[in-house]
Amino acid sequence: MTPAPRPTAAEREELPEGRARVPRHVAIIMDGNGRWATARGQPRQAGHKAGIAPVRASIEHCARSGVEALTLFAFSSENWRRPQEEVTNLMSLFLEALDREVAELHANRVRLRFIGDRRSLSVRLQARMAAAEELTAANDGLKLQIAVSYGGRWDIVQACQELAKQCSAGTLRPEEIDEARVAGALQLAGLPDPDLFIRTGGEQRISNFLLWNLAYSELYFTDTLWPDFNADELQAAFEHFARRERRFGLTGAQVGGAVRA
Ligand code: IPE
Ligand code: IPE
Ligand code: MG
């Protein structure tokens, strides 16, 4: 698979101008760290370390471009099954990155939140995450979500449990459960659904990411391995997004370009 071609200069000129070109919410599966390292004869952990710079670049580019929310998949509920050494290494890397980056994110008015099953994380990491969330809670800049120990199925199950608790407490009737209530009990409650989903590393699958919220996202796949991803690549994805006609089940004539990203 080759990366999707960039639009030509002539095509770019036809893009509608203004805010509408930019996705409000971008969700990224940051994949390919291990292969990046293996290709260089290095241990997989070197790839994870090299994956931090593109995280920074993506956050900066989104903030600069006027993206409202960015959700990054850092560690899945299935990644716990990796060799213990790799899991331990990833957890230390999260801790170090948090300690190093949070002050600058805060200075740039980023609001940081974590999504996922925190109970499976170390108490130390949980405390740092909570502190970072608290510090940045009132920021009015980019809404950054990092998915750690996250699975789309887990998210739906925990939302079901939450609604079931409300039913058994008598504060909710089963027939009142609708899409809005379910969405409101999910981890991304309060945010618009991702408009653009990006996966690096060449695989074309969702791997249990945001199963509910990706229902109508535009999907963009690139062969670029995550440590090689950068602002230019992200911009290329934005430009593709801007050219897609989003129909949400209607006909092309009905939307008449009006629902164009
Ligand atoms: C993504 O890169 C990072 C995590 C899943 C933690 P991978 O570690 O999956 O890299 P590949 O896919 O093996 O190359
Ligand atoms: C998805 O990547 C999870 C993250 C990037 C955090 P994986 O590498 O775990 O996905 P699979 O195993 O190839 O589906
Ligand atoms: Mg992978």
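Trainee: How many aromatic pairs does the structure hold?

Mentor: There are 9 aromatic pairs in the structure. Rings of Phe, Tyr and Trp (its six-membered ring) pair if their centres lie within 6.5 Å; planes under 30 degrees apart count as stacked, over 60 as edge-to-face and the rest as tilted. One of the pairs is Y150 with F209, which is edge-to-face, at 6.3 Å centre to centre and 90° between the planes.

Trainee: Before we go on, what kind of model is this?

Mentor: This is a predicted model, in which local features need pLDDT of at least 70 and side-chain atom pairs count only at pLDDT 80 or more, while totals for chains, interfaces and linings use all residues. Residues are numbered from 1 along each chain as its sequence is written, chains are lettered from A and ligands numbered from 1 in the order in which they are written, and side-chain values use heavy atoms, with hydrogens and water left out.

Trainee: Is Y150 buried or exposed?

Mentor: Buried, because its relative accessible area is 1%. The cut-offs are under 20% for buried and over 50% for exposed, with partly exposed in between (1.4 Å probe, protein chains only). F209 is also buried, with a relative accessible area of 0%.

Trainee: Why is the pair of W226 and F229 stacked?

Mentor: Its ring centres are 5.1 Å apart and its planes are at 20°, so the pair counts as stacked. Both W226 and F229 are buried.

Trainee: And which residues do ring pairs link into a cluster?

Mentor: F73, Y150, W154 and F209.

Trainee: New topic, helices. At what angle do α4 and α5 pack?

Mentor: Helix α4 (residues 52–65) packs against helix α5 (residues 84–107) at about 30°, and the axes are 12 Å apart. That makes α4 roughly parallel to α5. Angles under 35 degrees count as roughly parallel, over 145 as roughly antiparallel, 65 to 115 as roughly perpendicular and the rest as oblique. Axes are lines fitted to C-alpha atoms, for helices over the stretch in contact, and angles run from 0 to 180 degrees between N-to-C directions.

Trainee: Which residues make the contact?

Mentor: I52, R56 and I59 come from α4, and L93, A97, R100, E101 and L105 from α5. Contact means heavy atoms within 4.5 Å.

Trainee: What about α4 and α9, at what angle do they pack?

Mentor: α4 and helix α9 (residues 231–242) pack at about 50°, with axes 9 Å apart. That makes α4 oblique to α9. On the α4 side A57, S58, H61, C62, R64 and S65 take part, and they meet A231, L234, Q235 and F238 of α9.

Trainee: Last topic, backbone. What is phi of S207 near?

Mentor: It is near 50°, a positive value in a residue other than glycine. Most residues other than glycine have a negative phi. S207 lies in the loop between β5 and β6 and is partly exposed, with a relative accessible area of 31%.

Trainee: And where is F248 found?

Mentor: In the loop between α9 and α10 (252–255). F248 has a positive phi of about 50° although it is not a glycine, and F248 is partly exposed, at 41% relative accessible area.

Terms used: Helix = DSSP H or I, 4+ residues; strand = E, 2+ residues; numbered from the N terminus.
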